[in-house]
Amino acid sequence: MKKFLNRYFPTIAWAGIIFFFSSLQTTPAPQDTILNFVLKKTAHLLEYITLYWLTFKSKNEDPEDANPDYISPLIFVVSYAIFDEIHQSFVPNRHAKLYDVGFDSVGALLAIWGIYRSRNSGH
């Protein structure tokens, strides 16, 4: 059990944080519509970059593995993004938005790109 928690707790905790913020009926928002959009979509990207990175680290124990699993963390993260939007559809004053799943997925893809580059840069 301790090994499981050490390996997966950060991912589970981060997913819980995302769930908590999705449960809020309102989120702080600047009055400027464009700034509000940019800040919220940036938050989506950062949340899901982090979720992918944590999931990738949980799935790939050996940092020297020549063939890490990039796909199952991506499937998990995109599935979680879909689940999160469905969850938001049940929260008063919140709405499910397919394009938010898109931003979340782009976050995961940016994480893959960053991880791949760092693993293959020779550093």
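The model is predicted. The chain holds four helices and zero strands. Its pattern along the sequence is α-α-α-α. The C-alpha trace spans about 45 × 35 × 20 Å along its principal axes.

**α1 with α2**

- Helix α1 covers residues 2-23, and helix α2 covers residues 33-59.
- The axes of α1 and α2 lie 8 Å apart, at an angle of about 160°.
- Angles over 145 degrees count as roughly antiparallel, so α1 is roughly antiparallel to α2.
- The crossing of α1 past α2 is left-handed.
- From α1, the contact uses Arg7, Tyr8, Pro10, Thr11, Trp14, Ala15 and Ile18.
- From α2, the partners are Glu47, Tyr48, Thr50, Leu51, Leu54, Thr55, Ser58 and Lys59.
- By class, this contact of α1 with α2 has eight nonpolar, four polar and three charged residues.

**α2 with α4**

- Helix α4 runs over residues 98-119.
- The axes of α2 and α4 come within 7 Å and cross at roughly 50°.
- That angle makes α2 oblique to α4.
- The crossing of α2 past α4 is right-handed.
- On the α2 side, the contact is made by Phe37, Lys41, His44, Leu45, Tyr48, Ile49, Tyr52, Trp53 and Phe56.
- On the α4 side, the contact residues include Tyr99, Phe103, Val106, Leu110, Ile115 and Arg119.
- Asp100, Asp104 and Gly107 are also among the α4 residues in this contact.
- The contact of α2 with α4 divides into 15 nonpolar, two polar and four charged residues.
- Tyr48 of α2 takes part in the contact with α4 and also in the contact with α1.

**α3 with α4**

- Helix α3 covers residues 71-88.
- The axes of α3 and α4 are 9 Å apart, and the helices pack at an angle of about 160°.
- That makes α3 roughly antiparallel to α4.
- The crossing of α3 and α4 is right-handed.
- α3 brings Leu74, Val77, Val78, Ala81, Ile82 and Glu85 to the contact.
- α4 answers with Asp100, Val101, Asp104, Ser105, Ala108, Leu109 and Ile112.
- The contact of α3 with α4 counts nine nonpolar residues, one polar and three charged.
- Asp100, Asp104, Ala108 and Ile112 of α4 meet α3, and these four α4 residues also contact α2.

**Largest pocket**

- The largest pocket has about 550 Å³ of space.
- Its lining has 25 residues.
- Thr27, Lys40, His44, Gln88 and Arg94 lie nearest the centre of the largest pocket.
- α1, α2, α3 and α4 each supply at least two residues of this lining.
- α2 gives the most, with nine residues.
- The lining divides into eight nonpolar, 10 polar and seven charged residues.
- His44 is among the residues nearest the centre of the largest pocket, and His44 also belongs to the contact of α2 with α4.

**Second largest pocket**

- The second largest pocket has a volume of about 220 Å³.
- Arg7, Trp53, Phe56, Lys57, Asn60, Glu61, Pro63, Ile115, Ser118 and Arg119 line the second largest pocket.
- The elements that give two or more residues to this lining are α2 and α4.
- By class, the lining has four nonpolar, two polar and four charged residues.
- Trp53, Phe56, Ile115 and Arg119 line this pocket, and these residues also take part in the contact of α2 with α4.
- Arg7 lines the second largest pocket, and Arg7 of α1 also meets α2.

Terms used: Residues numbered from 1 in each chain as written. Predicted model: local features only at pLDDT ≥ 70, side-chain atom pairs only at ≥ 80, totals over all residues. Heavy atoms only, no water. Axes fitted to C-alpha atoms, helices over the stretch in contact; angles between N-to-C directions. Parallel < 35°, antiparallel > 145°, perpendicular 65-115°, else oblique. Left-handed = near helix turned anticlockwise from the far one by under 90°. Contact = heavy atoms within 4.5 Å. Nonpolar A, V, L, I, M, F, W, Y, C, P; charged D, E, K, R; others polar. 1 Å grid on protein atoms, 1.4 Å probe; cavity = no way out; pocket = protein on both sides within 12 Å on 5 of 7 lines; lining within 4 Å. Points joined across faces, edges and corners; volume = space filled by probe spheres on them.
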